[in-house]
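Welcome! Here are some exercises on reading a protein model, each followed by a worked solution. Take a look at the structure, try each task yourself, and then compare.

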Amino acid sequence: MSATPPQNTNTNLDLDLSKLNLKAMPRVLGRLTRLSFRYPWQWFFALSCAIASAMFNLITPRLLGRAVDQAHHLLIDGHTHPEETRTAFLQLTPTLFGEATQQAFQLIIDGHAHSTSPRAALLATALMIVVACALRGTLTGLQGYWGEVVAQRVGYDLRLAFFEKLQRLSFGFHDVNHSGDLISRGMLDLEGVRAFLESGFLRAVVLLLLVSFGAWRLLGMDMNLGLIALSFVPFVAWRATRMGLLLRLSWQRLQQLMSDLTLTMEENLQGVRVVRAFACKNLELAKFDQTAQAALRLANRRITIRMGSMSMMNFAFYTAMGLVLWIGGQRVSQGVMTVGMLTEFLTFMTLLQQPIRQVGMIVNSSSRAASAGTRLYEVLDAVPSIQDDPNARDWVPGEGVLRFEAVDFAYDSSPGGRKILSGISFEVGPGKTLGIVGPPGSGKSTLAHLIPRFYDVTGGRITLDGQDIRSMTLDSLRRAVGLVQQEIFLFDVSVHDNVAYAEPWAEEQRVVEAASIAQIHDHVAGLPDGYATRVGERGVALSGGQRQRMSIARGLLAGRAIMVLDDSTAAIDTTTEQRVRSSLRTAVRNRGTIIIAHRLSSLLHADEILVLDEGRIIQRGTHADLLQQGGVYADLWALQSLPVAKTTPTRKAKKNPELEVA
């Protein structure tokens with residue numbers, strides 16, 4: 001089978017730096033950095049270790065230079081000048097470490113500096129180099145440890161805040177944001193933020209210290225040679241910055257491609273039976289391969305960017321080092337400069353090379369954190385369109401009377417938005433059953449979603465025991481309303497946990513009673529592990545009718561004041577449905593019940609039936625009243641009650657073809 005994948009996937013790999021929102025970086029990075037201040041002691045330790053590590057990095061070239069001079073003197077004329085080494089080193093320590101540390105070093109040095117043995121002086125310098133390198137390594141490790149601690153804790157906070165916000169955001173938000181994109185934000189974007197907090201900021205601190213003190217030292221030793229030694233820094237910093245921005249832009253594009261791959265795979269796995277049924281494996285593979293190929297090309301592009309920039313940076317560095325060796329060698333031969341000073345120059349250059357290259361990593365990390373943080377804060381800062389009023393109160397259990405008063409609703413609340421419901425009014429109280437019927441798209445499910453405030457009405461009001469539901473807290477309202485939805489979702493846990501989802505600590509007997517009313521107990525009892533049997537992802541181990549009955553049991557267990565059954569028996573055979581209805585009438589005899597159905601036989605016992613069409617009530621009454629009135633309900637009843645072989649649509653039914661679908 002040959003198939004051409006859809007062409008709506010954007011696989012353009014052009015990288016335009018103008019697409020990066022650099023203006024948002026300070027604000028977003030500032031917010032992210034402030035999150036780490038929630039852990040002040042850990043953050044202080046990480047920052048202190050980074051600064052101390054940079055200081056020990058800076059002292060190493062000075063010590064190496066002195067060691068080379070001492071070795072040179074030892075080789076040439078058999079003696080060295082330990083007092084000179086001691087004086088020069090101790091002049092440096094106050095600047096880098098302060099007076100207290102200078103005194104400590106002085107105690108170490110004095111034991112060797114006054115020795116008459118040149119070898120002892122060289123050994124003292126070597127030991128100080130070992131100590132400095134050991135301390136630098138230890139502090140670098142501690143910096144990484146505490147930086148990781150802070151980053152992981154901030155990541156934990158953000159992860160919980162993100163997930164919690166997803167639970168509070170309204171259905172309107174989830175209607176326009178794909179789950180694959182939200183998962184990508186909560187996983188990949190959050191990792192980008194965490195990586196910046198772990199190393200990006202601390203690397204920037206170390207880089208600033210190394211460059212500033214290193215430049216001060218080199219220029220102080222020899223202005224001209226210092227400028228030559230530092231000549232590679234601006235070029236490497238520019239190339240590293242450009243590389244970082246290009247890698248960030250390519251990462252954003254790659255992130256989008258990975259989100260598309262996640263979406264394709266998610267839909268394929270959820271619809272795997274449809275794919276197999278229509279033999280569309282090759283079509284799905286072509287769709288996946290198109291995006292995967294784009295991701296591969298972009299990954300190769302990233303390698304090209306990185307390798308090209310690294311090559312140019314290496315060339316600049318080694319060119320500057322060659323010039324320092326050439327000019328510095330001439331000065332050494334002229335006696336203007338010692339071999340140790342030249343060694344110090346070269347060591348400082350080598351020391352600065354890696355941090356300067358890390359400018360690209362810092363820029364990349366910062367840019368990634370800025371874009372990832374922006375995407376995270378788009379969700380974290382989103383204001384739920386459905387939320388508790390500041391003066392909202394919990395619903396106080398009363399009679400349980402639900403009333404719609406001239407309710408209008410439109411998904412687009414702008415003045416020109418098309419109304420889905422218009423002028424809907426009814427009342428249902430304890431022990432009463434209201435049936436709702438109508439063609440697809442007439443607004444039946446929308447009406448059901450308004451009762452627990454998944455959406456807010458745009459006109460009129462809905463009251464429960466005389467209290468506007470908008471003045472109630474959402475938690476108390478949704479504890480009062482039991483909605484068994486048309487779209488069934490079961491968790492990949494046991495039957496017991498699915499039925500008892502709203503009340504996880506419900507007694508086993510209550511779970512069995514709810515399952516018995518929903519006519520699913522006999523099937524569950526026959527399973528190998530009974531109520532402990534896992535139902536599989538989305539309830540794949542159960543049939544459609546079994547999933548619907550389990551969903552009904554879940555709604556019954558919670559004991560809501562109002563029960564809303566939104567076409568909840570469509571997948572159940574007629575005989576089983578009658579048994580379910582019979583059991584339900586007993587179970588909800590003290591509660592108001594709203595039943596939305598396409599099969600009119602499900603509504604024969606209803607105290608009142610509403611017939612919706614295009615969001616309006618066009619007929620209302622009992623089953624007998626509506627048959628006597630004639631019209632749409634009577635035509636639909638005639639269609640559904642005649643034997644299949646003799647069913648012939650009447651002329652009136654032909655005028656309403658959508659009823660045949662219903």
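**Exercise 1.** In which order do the 6 strands of the open sheet with mixed pairing stand?

*Solution.* Start with what counts as a strand: a DSSP run of E with at least two residues, numbered from the N terminus. Two strands pair if DSSP finds at least two bridges between them. With these rules, the order is 6-7-8-3-9-10. Next, look at the edges: strand 6 (481–484) and strand 10 (616–621) each pair on one side only. Finally, neighbouring strands of this sheet are turned against each other by 15° on average, direction ignored; the angle is taken between axes, which are lines fitted to C-alpha atoms.

This is a predicted model, where local features need pLDDT of at least 70, side-chain atom pairs count only at pLDDT 80 or more, and totals for chains, interfaces and linings use all residues. Residues are numbered from 1 along each chain as its sequence is written, and side-chain values use heavy atoms, leaving out hydrogens and water.

**Exercise 2.** Do strand 3 and strand 9 pair in the parallel or antiparallel sense?

*Solution.* Recall that strands of a sheet pair through backbone hydrogen bonds, either parallel or antiparallel. Strand 3 (residues 433–437) and strand 9 (residues 608–613) are parallel, with 4 bridges. To find the place in the model, go to Leu434, which stands opposite Glu608 in strand 9.

**Exercise 3.** Why is one side of strand 2 and of strand 5 left without a neighbour in the sheet?

*Solution.* First write down the order of this open sheet of 4 strands: 2-1-4-5, with antiparallel pairing. Strand 2 (421–428) and strand 5 (467–468) are at the edges and have a single partner strand each, so one side of each has no neighbour in the sheet.

**Exercise 4.** Which residues does UniProt list for "transmembrane region", and how much of residues 41–59 is helix?

*Solution.* The unreviewed UniProt entry lists residues 41–59, 225–247 and 311–329; such annotations may be inferred rather than shown by experiment. Now check the model: residues 41–59 are 100% helix (DSSP runs of H or I, at least four residues), and their end C-alpha atoms are 27 Å apart. Residues 311–329 are also 100% helix, with end C-alpha atoms 26 Å apart.

**Exercise 5.** What percentage of the 662 residues is buried?

*Solution.* Buried means under 20% relative accessible area, with a 1.4 Å probe and protein chains only. By that rule, the share is 48%.

Conventions: Buried means under 20% relative accessible area, exposed over 50%, partly exposed in between (1.4 Å probe, protein chains only). Axes are lines fitted to C-alpha atoms, for helices over the stretch in contact, and angles run from 0 to 180 degrees between N-to-C directions.
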